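Good morning, and thank you for making time for this presentation. Please look at the sequence and the structure together while I speak.

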Amino acid sequence: MLDLPRWFASPKAAYPSRRAFLSRAGGGFGVLALADLLRAEEKSTARAEDPLAAKKPHFEAKAKSVIWLFMNGGPSQVDTWDYKPELEKRDGQELKGFDPSTGFFTGQVGPLMKSPFKFAKHGQCGKMVSDLFPHMAKHVDKMAFVHSLWSDSNNHSPALFKMNTGMARMGFPCVGSWVTYGMGSESRNLPAFCVMYDTLGRGIPKGHSLNWGAGFLPTVYQGTAFKPQGDPIDNLTRPTDITPERQRGQLDLLAKLNQKGADKHPGEADWTARVESYELAYRMQMAAPDALDLSKETEETKKLYGIDNPKATHFAKQCLIARRLVEKGVRFVQIYSGGMENDLSWDGHNDIAKNHGGFAKETDQPIAALLEDLARKGLLDSTLVIWGGEFGRLPIVQKGNNGRDHNPHAITYWMAGGGVKGGTSYGASDEIGFKAAENRVSVNDFHATVLHLMGLDHKKLTYRYNGRDFRLTDVAGTVVKDILA
């Protein structure tokens, strides 16, 4: 490298020609660049050796885990949390200038339709809540509502991808994968990221596992989906002819073989992910059955969640399992309410009162119980609970069906716990609930806020792929600070 003391003492003696000087100086800068690359590789190798080890966030934050309650199909904002008296006044009137392509069924555009549900004030904050949610209404002082969220797709699959990954197309990491990539897991014996979907045979969300996939991140960060029937996780029971010692020996041999592959392909994360998946499965044989065993809960707790309520039993079990998982250090849990489409989910094209009324009965008591249970166990402050779907619904009636079509222009979400300012409402849709109008919040903004509540700076949480640094919020995103405690 360039010897500056020698240069200043006698530049001609140190470097007899300009060419010699440039050669030495250029070599020095090259060494600096090489050192930086080696440090980056060392850092990458350290992450690969234990990709799910708990990591420090970018800054201190209250939230340590997330439970995302995803109302699959698109719940109607004007029939749940976004009270619109003007919509009631204008019931039956045509919406002038309405673009029929806004919704999905362009030939079934009807007039404005008031909500079939009654709204009333609840909590010290005086939040107007639909009578769909008599249990959740008791907890509005814990919730921060965002009434001005908007998206850019009126079709389920791309809208699901957008809400889960920030992109309206497949192949990108979801929020849960980004969070576990950034923070690792507090649990060494359970998946860092768990997903539960409909157990009543109504199907899986459109887009399937891509909604909880890791995209171009290492596969170790993808969500582990629990099976809807039977054992939630396959192959957790050791075959009767395999002793613990024999199984341990098999895993050690597999680790050695995979390590040989990893040595030949340094920096290839899939080798490490493969070894980690075997080891995690081994550790889960004891931990997972215990975490999923609801018989260890008191009868009072099970009744609180509504496990004895035939309408809510399936979702109640999932909410209780979610609490047990975060209690044991799982970083991210996502629960989908509803199945594939239409009447099998919150996709209320046909008879919005019947559709939303049915799914509210399935979810209202379990979600309210989850908030209460987390609070009494001292977990709500460290757990961010999120409620919402892939888009909202139109304030007009879907002609002939008495339902509502898709609406990406106005979506309501709420968050509770984990550093959120309870009893607050941010932004607003217009007077009939058609479009986000005041303090509009994009999906990028929403994701930036979720990451911020977890102590992660969305601009710093990046992953280099195909020569470019990617992040969940792409090149946008502003934290909604007004809902932070």
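Phe-172, Trp-178, Tyr-181, Phe-216, Tyr-221, Tyr-463, Tyr-465 and Phe-470 form one aromatic cluster. Please bear in mind that we are looking at a predicted model.

How many aromatic pairs does the count come to? The total is 29 aromatic pairs. Among them is the pair of Trp-81 and Trp-387, which is edge-to-face, with 5.7 Å from centre to centre and 85° between the planes. This pair links distant parts of the chain, 306 residues apart. Trp-81 belongs to the loop between β1 (65-71) and α4 (85-89), while Trp-387 is in strand β9, residues 383-388. Are these two residues buried or exposed? Trp-81 is buried, because its relative accessible area is 1%, and Trp-387 is likewise buried, with a relative accessible area of 1%.

A further pair consists of Phe-98 and Phe-434; their ring centres are 5.6 Å apart and their planes stand at 50°, so the pair is tilted. Phe-98 sits in the loop between α4 and β2 (109-112), and Phe-434 in the loop between β15 (428-429) and β16 (436-438), so the pair ties together parts that are 336 residues apart in sequence. Both Phe-98 and Phe-434 are buried.

I turn now to the strands. Eight of them form an open sheet, with mixed pairing, in the order β7-β6-β8-β1-β9-β13-β5-β14. Which strands stand at the edges? They are β7 (224-225) and β14 (424-426); each has a single partner strand, so one side of each is left without a neighbour in the sheet. Within the sheet, strand β5 (residues 143-149) and strand β13 (residues 411-416) pair in the antiparallel sense over five bridges. Ala-144 stands opposite Met-415 in β13.

Next, a single glycine. Gly-348 is located in the loop between β8 (332-337) and α11 (352-376). Why does Gly-348 count as buried? Gly-348 counts as buried because its relative accessibility is 0%, and the cut-off for buried is under 20%. Leaving aside neighbours within four places in sequence, Gly-348 is in contact with Asn-355, His-356, Arg-393, Gly-403 and Arg-404. The C-alpha atom of Gly-348 is also separated by 7.8 Å from that of Gly-73, although the two residues are 275 residues apart along the chain.

Let me close with the chain as a whole. Its secondary structure comes to 12 helices and 18 strands. Of its 485 residues, 52% count as buried. The chain exposes about 22100 Å², and carbon and sulfur atoms supply 52% of that area. Among contacts between residues at least 6 apart in sequence, 77% join residues at least 24 apart.

Finally, a word on confidence. The average pLDDT of the chain is 88, and 82% of the residues score at least 70. Over residues 36-46, however, pLDDT stays under 50, and the model has zero contacts beyond four places in sequence for them.

Key: Residues numbered from 1 in each chain as written. Predicted model: local features only at pLDDT ≥ 70, side-chain atom pairs only at ≥ 80, totals over all residues. Heavy atoms only, no water. Helix = DSSP H or I, 4+ residues; strand = E, 2+ residues; numbered from the N terminus. Buried < 20%, exposed > 50% of the residue type's maximum accessible area, 1.4 Å probe, protein only. Contact = heavy atoms within 4.5 Å. Areas by Shrake-Rupley, 256 points an atom, 1.4 Å probe, with all protein chains shown as cover. Phe/Tyr/Trp six-rings, centres within 6.5 Å; stacked < 30°, edge-to-face > 60°. pLDDT = per-residue confidence, 0-100. Pairing = 2+ DSSP bridges.
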